[in-house]
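Welcome! Here is a short briefing to read alongside the structure, taken topic by topic.

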Amino acid sequence: MGQDMFLLADVGGTNTRIAVGTRNGLDAKSIKRYRNDDYRYFLDLLGCFLAQHPNQSFRSAVFAIAGPINGQLADLTNRKWAIDKYQLTDEIGCADVHFVNDMGGLARALPVLDKTQLIELQHAVMHQPNDQSLVIGLGTGVNVSALVGNTAVAAEIGHAGVTVKMTEIIETALRGPQTGFDTIEDILSGRGLERLYEIAAKTPKPAAEICAQAALSRDDTAHRICVVFGTLLAELIRELALHYLPRNGIYLSGSVARGIFETPAKKQVIDWLAQDRPMVTTLSGISYSLITDDAAALLGCLEIAKSQA
């Protein structure tokens, strides 16, 4: 008898990654990355992958989706795609299809990530694990998921309001009150970084370019805005650390997180969190790491598939 085969998908706001996995792990050669803009409907994108695996039968399928899930329907937060579980069942030829929030899928990967897939930003002092972890995703959108044991806790933190402290940081950096920074996602997503830069420089620039030029010290405004972004991110990390007390670690992921930690924002985050403020001792007992593997969420999907099979 052959191994159980699982179809795994990480559906983000900008890109989708799909792979095949077994109980022994991901099939690295099967991993494909698609630009969502190239497809009108998600089923068109999925069809391209399935066409490369003709006559393949799947025990189950797990889709980690960047948006709210309501029963058999999932809507991408930053794209006008509605994904129907029943349609996927017909397309894949598999009755066992599972939807999870994308950050929940990533959270399930945390226990199986190894050192090659992580960069430690801060080592925990007096580490006292409590079986609680937290993953923070910064990309097209912003969201988090806590992992308590093997249970991922869903959230929509990107749409939560900003703190007074974050508003004060923005107003100080940009020399006055600003509009349009109402939610966490307005500030700490890729478009948030771009808007902060555009206000300061009076000219637009893509988030990836802002990070690249700040890392190379080629743009003073990019350097300054990345430091501001780092301060804002540190404030979010502090708030979430106190909400969730994830003594098993906080993990940052996503294209914006990877880009911003190549800039002076990295030092700013570490220094800001180490400030002598209330609960600093509690914060020092939590490690912070950057997830560098783009396929990490697929590993989480595989963990879910194996547990449900």
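The largest nonpolar core has 51 residues, and those touching the most other members are Ile 136, Leu 188, Leu 232, Ile 237 and Leu 252. A nonpolar core here is a set of buried Ala, Val, Leu, Ile, Met, Phe, Trp, Tyr and Cys residues joined through side-chain atoms within 4.5 Å; buried means under 20% relative accessible area, exposed over 50%, and partly exposed in between, with a 1.4 Å probe and protein chains only. This is a predicted model, in which local features need pLDDT of at least 70 and side-chain atom pairs count only at pLDDT 80 or more, while totals for chains, interfaces and linings use all residues. Residues are numbered from 1 along each chain as its sequence is written, and side-chain values use heavy atoms, leaving out hydrogens and water.

- Leu 188 touches Leu 138, Val 142, Met 166, Phe 229, Leu 232, Leu 233, Leu 236 and Val 256, leaving aside residues up to four places away in sequence; contact means heavy atoms within 4.5 Å.
- A second, separate core has 25 residues, including Ile 18, Tyr 39, Leu 76 and Phe 99.

**The sheet**
- Six strands make an open, mixed sheet in the order S10-S15-S14-S11-S12-S13; two strands pair if DSSP finds at least two bridges between them.
- Strand S10 (118–122) and strand S13 (151–153) are the edge strands, each pairing on one side only.
- S12 (residues 142–148) pairs with S13 in the antiparallel sense over three bridges, and Ala 146 stands opposite Val 153 in S13.

**Two packed helices**
- H6 (residues 190–201) and H7 (residues 207–215) pack at an angle of about 65°, with their axes 8 Å apart; axes are lines fitted to C-alpha atoms, for helices over the stretch in contact, and angles run from 0 to 180 degrees between N-to-C directions.
- Gly 190, Leu 193, Glu 194 and Tyr 197 in H6 meet Ala 207, Ile 210 and Cys 211 in H7.

**Positive phi**
- Most residues other than glycine have a negative phi.
- Asn 55 has a positive phi of about 65° and lies in the loop between helix H1 (42–51) and strand S5 (60–65); Asn 55 counts as exposed because its relative accessibility is 83%.
- Leu 245 also has a positive phi, near 45°, and sits in the loop between helix H8 (220–244) and strand S14 (250–253).

Technical notes. Helix = DSSP H or I, 4+ residues; strand = E, 2+ residues; numbered from the N terminus.
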